[in-house]
Amino acid sequence: MGVRRPEPVPARLRARDVLRVGAVGLRTRPLRAFLSGLGIAIGIAAMVAVVGISSSSGAELDRRLSALGTNLLTVSPGTSLLGEQAQLPADAEAMIERIGPVRQVSSVGEVSGAKVYRSERIPEAQTGGISTYAARLDLPATVGATLRHGTWLNAATERYPAAVLGADAARRLGVGAVGPETQVVVGGVRFTVVGVLDPVALAAELDSGVFVGRPVAEERLGFDGRPTTLYTRSDESRLEDVRAVLAATANPQAPNEVDVSRPSDALAAKQASSQAFANLLLGVGAVALLVGGVGVANTMVISVLERRAEIGLRRALGATRGQVRTQFLAESLLLSALGGAGGVLLGAGVTTGYALSSGWPSVVPAWATAGGLAATLLVGAVAGLYPAVRASHLSPTEALAAT
Amino acid sequence: MTYPMIELTDVSRTYPGGVAALASVSLRIGHGELVAIVGPSGSGKSTMLNVAGTLDRPSSGTVRIDGYDVSELDDDQLSALRATAIGFVFQSFHLAARVTALDNVAEGLIYTGLGRAERRERAAQALERVGLGHRLGHEPHELSGGERQRVAIARAVSGGPPLLLADEPTGALDSVAGAGVMDLLHELNASGTTIVIITHDREIAAGLPRQIAMRDGTIVSDSAAEPELGAEPAPAAGGHGEWSGVR
């Protein structure tokens with residue numbers, strides 16, 4: 001009696017053995033493991049794809065901006081103190097040209113009253129919202145416009161009734177091709193369409209315009225020579241300086257009646273607003289992940305119920321409560337991690353596919369991948385905790401009796 | 001310094017609801033014994049095996065396994081005791097499906113703290129020992145009932161435990177396979193393992209050196225109590241005196 005012997009000490013499970021016992025359920029019920037992993041995968045894929053697609057579109061914007069340049073400033077008349085539409089002086093362009101860092105200046109002047117129709121037979125009321133602009137020859141170079149069909153105006157055609165259509169204007173007028181027979185009626189005069197522009201990213205207002213040369217506009221359409229919008233390109237490094245003096249230079253008498261804007265800012269703002277929408281989608285992805293986590297928890301609860309005999313056997317073989325708990329927690333984590341890894345791959349695939357089909361660069365940020373995997377592990381741990389604790393508290397004899 | 005392998009003193013096990021599965025049982029099984037426990041269903045023999053195997057704790061009384069007082073050990077220490085000192089064999093084998101015989105046995109050693117290579121080596125040896133050296137790569141569904149039980153026995157003895165507890169090891173087998181399993185258990189006993197077998201089969205029980213009969217949670221007869229069957233070396237009059245109180 002009372003003889004002390006060294007107390008038995010349970011052996012620690014090695015990390016590899018934890019992994020082995022954790023994978024038992026996955027190996028014996030692969031379909032179930034696949035389906036509950038799929039729930040996690042869909043949630044993670046949704047989140048990674050949302051982040052990836054919005055990052056890709058951001059990268060695309062950066063690429064476009066660096067191609068278009070962010071050094072374009074536009075000058076347009078604002079409103080006077082009395083709330084009337086202000087006007088720019090006719091010599092605004094010449095004055096702006098004298099600002100040192102300004103490299104290029106171009107302008108359009110809206111020809112008020114010169115309505116555009118496909119033919120003389122169109123009722124006068126159906127103007128289609130198209131404006132006529134008297135344009136400088138260097139306009140496309142300054143705003144970065146490119147031609148879809150035909151050519152831009154040149155020194156010869158600007159004197160004659162020749163017109164170039166903006167992308168929207170061409171669509172509304174139903175002009176597909178250019179040629180001597182393609183004509184539109186501008187202010188009651190027939191103009192031959194010599195070119196059609198691509199959409200202009202930095203000056204979207206030009207898309208619904210019809211462009212004619214200044215000489216012909218003054219001669220045939222009563223153009224007053226006042227520019228309505230000036231486009232300037234400046235040295236990038238001195239852009240803010242230029243911006244500061246632009247209004248006063250354009251209209252020294254009333255600088256407050258001049259609006260100066262930087263179109264690339266507007267594009268970035270648009271991007272930011274779509275970012276807000278992406279955050280909403282991210283929330284939807286998080287809900288999907290949560291549902292996936294509930295699926296894993298459900299699978300684990302069922303697994304523990306079904307595998308009572310195995311749990312009893314393991315206890316008989318010498319597994320401690322902690323080791324049983326570890327086993328089921330490891331299984332839950334494995335299940336989630338596999339689902340998460342699959343989800344990241346799926347999300348990256350969706351992003352790449354979408355980016356390729358949109359002609360964007362494909363970007364999946366590393367933080368999204370790491371964050372997605374971390375989220376799955378968290379979900380796996382939370383989902384597995386209760387079933388694992390339940391498994392560890394099964395009495396060995398009861399568990400063995402449940403055969 | 002010899003301890004009995006199993007020593008139960010006034011052990012009772014009462015389940016919630018007041019059912020007494022064991023009522024003040026005292027029993028001593030020495031090292032190297034081969035014991036049959038017989039009795040009808042509900043006689044408490046499985047409960048006694050669970051208590052002796054430390055899978056269940058008694059409601060009252062003292063259980064000593066290889067000298068350890070079970071009541072002084074916590075759950076983790078009991079688990080460690082089971083991992084090193086006790087092997088279990090069940091009627092329904094409890095083998096993992098779609099896992100080879102070798103891995104089934106090796107998996108049984110995972111809680112002893114051995115590395116994987118060592119586990120597999122010992123598993124192979126154990127399977128060799130039970131006569132299944134040619135079936136290492138077979139999965140349970142490819143084995144006969146007798147072979148499955150041999151795999152389960154190999155798993156139980158692979159860690160070299162001094163005590164083997166078998167609950168109806170031949171219950172799911174035909175008589176030929178059952179006889180084979182009993183031969184194996186005899187062999188294991190001959191090499192020193194203490195073995196306690198629960199069985200319904202009177203014939204099998206009769207073939208073992210010591211029989212303990214149970215009914216209604218008590219021991220009704222113990223062949224070791226009769227002086228001519230002195231299978232147990234140590235316990236003298238005092239030890240036997242404990243049984244006399246049991247009806």
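These legends describe close-up views of a predicted model. Local features need pLDDT of at least 70, side-chain atom pairs count only at pLDDT 80 or more, and totals for chains, interfaces and linings use all residues. Residues are numbered from 1 along each chain as written, while chains are lettered from A in the order in which they are written.

**View 1. Helices α3 and α9 of chain A pack together.** Helix α3 spans residues 30-68 and helix α9 residues 263-306 (helices are DSSP runs of H or I, at least four residues). Their axes, lines fitted to C-alpha atoms over the stretch in contact, lie 8 Å apart at an angle of about 170°. The two helices are therefore roughly antiparallel (over 145 degrees).

**View 2. A span of chain A carries a UniProt annotation.** The unreviewed entry marks residues 33-53 as one "transmembrane region"; such annotations may be inferred rather than shown by experiment. Residues 33-53 of chain A are 100% helix and 0% strand. The end C-alpha atoms of this span lie 29 Å apart.

**View 3. Strand β6 of chain A has two neighbours, β8 and β9.** Strands are DSSP runs of E, at least two residues, and two strands pair if DSSP finds at least two bridges between them. β6(A) pairs with β8(A) in the parallel sense over four bridges. Three bridges join β6(A) to β9(A), and these run antiparallel. A163(A) stands opposite V212(A) in β9(A).

**View 4. The side chains of β6(A) point two ways.** A162(A) and V164(A) point one way, A163(A) and L165(A) the other. All are buried (20 or more other C-beta atoms within 10 Å of the residue's own, C-beta atoms being placed from the backbone).

Conventions. Axes fitted to C-alpha atoms, helices over the stretch in contact; angles between N-to-C directions. Parallel < 35°, antiparallel > 145°, perpendicular 65-115°, else oblique. Buried ≥ 20, exposed ≤ 12 C-beta atoms within 10 Å, placed from the backbone.
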